[in-house]
Amino acid sequence: LFNKIIRDIKKIIKKSNFILGDEVKKFENNFAKFTKTKYCVGCANGSDALYLAIKSLNLKSSDEIIIPDMTYVATASAVVNNRCKLRIADVNLENASIKQDEVIRKINKNTKAIIIVNLWGFTASYKKLKKICKQKNIFLIEDAAQSIGSYNSDGINSGNIGDIACFSFFPGKNLGAYGDGGAVVTNKKYIYEKILKLRTHGAKKKFKHNLVGVNSRLHSMQAVVLNHKLTRINLINNKKRNIANFYYQNLKNKKIKLFKIPENSCFHQFVILVKGRKKFLSYLKKNKIPYGFHYPYTIHKTKAFKSYCVDKNFTNSLIIANQSVSIPIDPLLNKKQIKFVVKK
């Protein structure tokens, strides 16, 4: 696969076809097919995908957008950078998805959008929330940065949960580029047409600037990488599902709490909860077991967003921030390595 990628990157260089070339359009078509959506717009990164999604909705500074407290800062940044009011809801402790009943209680006349986040690759069912959004003309945006190829319990694939879905192709993702990359998918043509303009300074055709936009284009070289890697994404996801399944069957330590995440997740990360985290991390280091945090903060406690937050009670997100540790789930791990992690 690597040799094919290098071969096709060389072709791009020879043609000097670096910006929004044929490979970008090819990837957009392939990715729309994969996510079972009608339209896809490639952009510079996942953060821009969120920004562009909100920007396309014509919201005012008095409009509110509700997001989960446990998410990457990009979710919150996209709201604030669009000059909308940030509202936050707690998450469920069993899978870190946004608490839908709490979201519904916080909906008011100023609520214009809700962002659901498929943390660690898990995609929840949002039947109830979708129904209310439809009744109240509220846009439902899916932050699918970590959930490519996952499905929820209703059989709906990530990318089709809301009105718009935003993906990241950061190198560490299940579908990762050789640098930054992102995409927005939707089934609504008017949103697609608007984001096409917004990503190129508001112009679908050169010099026809109908909107005030930004410069956020998916690089042709990254599209080459993604087109090749997309052919193997199901293989990667299934390898990670197998590792997750092994963990669920064999991790029996009572001091470790496992989240209830079904195998229709793509398991971007495998996260556990431990109360004595500092001691636990020291033990992992001693045994040379890699680990990470996703995430060691909540949005409402983050310095950058404190002044934007009107909500205060976030019991579950604080527990996850203080106790969570991501353990190895790389698809290249072999059985011996996984057994070593479980044993330790």
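How many nonpolar, polar and charged residues are in the lining of the largest cavity? This report answers that question for a predicted model and then turns to its helices and one of its sheets.

## The cavity

By class, the lining of the largest cavity comprises seven nonpolar residues, one polar residue and no charged residues. The residues concerned are W120, Y248, F259, I261, F267, Q269, F270 and V271.

The structure contains one cavity of 30 Å³ or more.

## A pair of helices

Two packed helices are described by the angle between their axes and the distance between the axes. For helix α2 (residues 22-35) and helix α8 (residues 220-230), the axes come within 8 Å and cross at roughly 35 degrees. The crossing of α2 and α8 is left-handed.

On the α2 side, the contact involves E23, V24, K26, F27, N30, F31 and F34. These meet S220, A223, V224, L226, N227 and L230 of α8. The residues of this contact divide into eight nonpolar, three polar and two charged.

## An open sheet

Three strands form an open antiparallel sheet in the order β8-β9-β10. β8 (256-258) and β10 (324-327) stand at the edges with a single partner strand each, so one side of each has no neighbour in the sheet. From one strand to the next, the twist averages 40 degrees.

Strand β9 (residues 270-274) pairs with β8 in the antiparallel sense over three bridges, and K257 stands opposite L273 in β9.

## Helices on the sheet

Helix α9 (residues 233-250) lies across β8, β9 and β10, and runs at about 25 degrees to β9. Helix α11 (residues 315-323) also packs on the sheet, where it touches β9 and β10. The direction of α11 makes about 55 degrees with that of β10.

Technical notes:
Residues are numbered from 1 along each chain as its sequence is written. This is a predicted model: local features need pLDDT of at least 70, side-chain atom pairs count only at pLDDT 80 or more; totals for chains, interfaces and linings use all residues. Side-chain values use heavy atoms; hydrogens and water are left out. On a 1 Å grid over the protein atoms alone, a cavity is a set of points where a 1.4 Å probe fits but cannot get out, and a pocket is an open set with protein on both sides within 12 Å along at least five of seven lines; lining residues have an atom within 4 Å of a point. Grid points are joined across faces, edges and corners, and a volume is the space filled by probe spheres set on the points. Ala, Val, Leu, Ile, Met, Phe, Trp, Tyr, Cys and Pro count as nonpolar, Asp, Glu, Lys and Arg as charged, and the others, Gly among them, as polar. Axes are lines fitted to C-alpha atoms, for helices over the stretch in contact, and angles run from 0 to 180 degrees between N-to-C directions. Helices (H or I, at least four residues) and strands (E, at least two) are DSSP runs, numbered from the N terminus. A crossing is left-handed if the near helix is turned anticlockwise from the far one by less than a right angle, and right-handed if clockwise. Contact means heavy atoms within 4.5 Å. Two strands pair if DSSP finds at least two bridges between them.
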